[in-house]
Amino acid sequence: MPRPAVVSRPQSVCQICDSIIGRRLYSTKPVSTIRHATRPRAQVDRCLLTRRTIQKRPLASSVLPTRKFTTGVKRVPDAVGDSNDASKQPPKAANVDLSSIINMMTYLERSKSKVLSNRRIPPETDVSAALQACRVVADYIMDETVQPQISHMVIESDSAASELLLLDIGNHANSSKSSESTIVGINAQVKQIIDKISDTAYAVLAHPSVFVTPDLLEKYVDVQSRLGKPETLPRAFQMYAAKPMPRETAGSITYAKQNPNKVANAIESKVTEKALDTAIEARNLDAAVGIIENSYATKAFVRSKLLRQCLLPVGTLAATPVAAYILATNFSGLQDTMDSTTATTVAFTGILAYVGFTASIGLVALTTANDQMQRVTWAPGTPLRMRWIREEERAALDKIACAWGFREKWRQGEEEGADWDSLREYIGQKGMVLDRTDLMEGMDF
């Protein structure tokens with residue numbers, strides 16, 4: 001009896017079904033593909049399209065890996081003994097699930113509305129919590145371990161969707177174009193999230209009823225530095241020094257004008273340096289110059305520096321004559337060649353002359369030192385006191401010049417372009433010189 005003819009399976013349809021079902025992200029049940037062999041091709045396509053509709057999820061929940069944050073602020077490793085990865089994990093928020101973009105945006109909006117919807121002066125704790133929420137989401141989005149997963153999951157998802165519809169091998173070129181457009185879309189979406197976090201932090205800090213304290217300013221700089229968004233940092237420095245101070249009187253809020261030149265309105269050097277590094281990494285010259293202009297170049301910073309660094313030397317100088325007279329009086333009793341008054345006068349004059357001469361030499365050496373200068377130096381004729389007072393400003397401009405110019409010393413001085421010309425002109429207006437010829441390497445003869 002002849003055997004019945006064996007009906008060949010439609011390998012192209014079944015292979016696609018197997019590859020799609022095998023790569024499903026959220027499926028854990030084994031699915032049999034034998035039953036598809038006897039179905040007509042139209043029925044198989046209709047079935048696969050139905051599955052695709054059921055499996056399709058919003059991009060926000062499908063591309064981001066699930067990660068939950070619990071109470072605490074310090075970074076803790078996921079497993080015991082995993083101390084090497086502890087520093088790479090983002091800070092934690094209290095009972096917040098950041099497994100999707102929707103949850104992130106809800107978390108940000110809730111923290112921001114708690115500050116903006118307050119009809120009274122918001123407590124500093126609420127403002128700090130809102131900025132901390134921005135920092136948590138920023139650390140999650142900018143985490144290096146999350147970015148590859150986003151791209152990989154989107155590419156895999158789009159490849160599966162395209163294979164569901166492309167049963168012809170000849171259409172793989174269109175599939176690759178679709179994957180490229182998907183990657184561009186994901187990058188644009190991540191950029192929108194970064195902009196949203198940055199705008200949220202700025203809206204909280206710029207709220208009229210929020211008084212900017214040093215701690216809040218530092219947290220704001222941390223958020224923008226983590227996001228790589230230095231555009232608003234100069235404005236934040238301005239608000240720290242000149243934003244009207246809110247006061248609550250008789251159930252209403254009044255605003256008192258601040259003196260931006262007060263010593264208390266000086267910005268700490270570590271905060272300024274972090275903001276400046278962020279602007280340099282983002283290649284934003286306007287923001288970098290604005291940060292220097294609103295920090296190191298202000299009268300508040302100069303007064304703060306004089307108060308911090310000159311108080312002890314001035315006090316010592318003021319006490320020197322008294323100490324010299326006491327020493328001279330004691331020394332006069334150790335001799336018998338002249339009377340006590342003459343000996344005291346001679347010893348007092350000698351001590352003052354020695355201390356004054358030594359101190360002047362040290363002051364000149366301190367103010368004329370230029371070993372730390374690389375490309376930006378002082379113009380001839382700049383007073384020594386101004387060189388010492390504005391040294392931080394010069395060092396910051398020097399850092400910018402080194403970052404924007406050529407790193408090879410033999411090429412320095414050959415830079416061109418509108419940004420470089422503007423920087424050179426700005427440095428010249430500040431009483432400094434960019435790439436002074438007689439101080440460049442090979443030109444000191």
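**Exercise 1. Identify the helix that gives the largest share of the lining of the second largest pocket, and characterise that lining.**

*Solution.* Helix α13 gives the largest share, nine residues; helices are DSSP runs of H or I with at least four residues, numbered from the N terminus. The model is predicted, so local features need pLDDT of at least 70 and side-chain atom pairs pLDDT 80 or more, while totals for chains, interfaces and linings use all residues. Residues are numbered from 1 along each chain as its sequence is written, and side-chain values use heavy atoms, without hydrogens and water.

Step 1: the criterion. On a 1 Å grid over the protein atoms alone, a pocket is an open set of points with protein on both sides within 12 Å along at least five of seven lines, and lining residues have an atom within 4 Å of a point.

Step 2: the helices. At least two lining residues each come from α12 (299-332), α13 (340-368) and α14 (384-389).

Step 3: Of its 21 lining residues, P313, V314, A359, L363 and L366 are the closest to the centre.

Step 4: the composition. The lining divides into 13 nonpolar, seven polar and one charged residue. Here Ala, Val, Leu, Ile, Met, Phe, Trp, Tyr, Cys and Pro count as nonpolar, Asp, Glu, Lys and Arg as charged, and the others, Gly among them, as polar.

**Exercise 2. Find the aromatic pairs in the whole structure and classify their geometry.**

*Solution.* Step 1: the search finds two pairs, with ring centres of Phe, Tyr or Trp (its six-membered ring) within 6.5 Å; planes over 60 degrees apart count as edge-to-face, under 30 as stacked and the rest as tilted.

Step 1: Y296 and F301 have ring centres 5.1 Å apart and planes at 65 degrees, so this pair is edge-to-face. Both residues are buried, that is, under 20% relative accessible area with a 1.4 Å probe and protein chains only; exposed is over 50%, and partly exposed in between.

Step 2: Y325 and F348 are also edge-to-face, at 6.1 Å centre to centre and 75 degrees between the planes. Because Y325 lies in α12 and F348 in α13, the pair ties together parts 23 residues apart in sequence. F348 is partly exposed, at 24% relative accessibility.

Notes:
1 Å grid on protein atoms, 1.4 Å probe; cavity = no way out; pocket = protein on both sides within 12 Å on 5 of 7 lines; lining within 4 Å.
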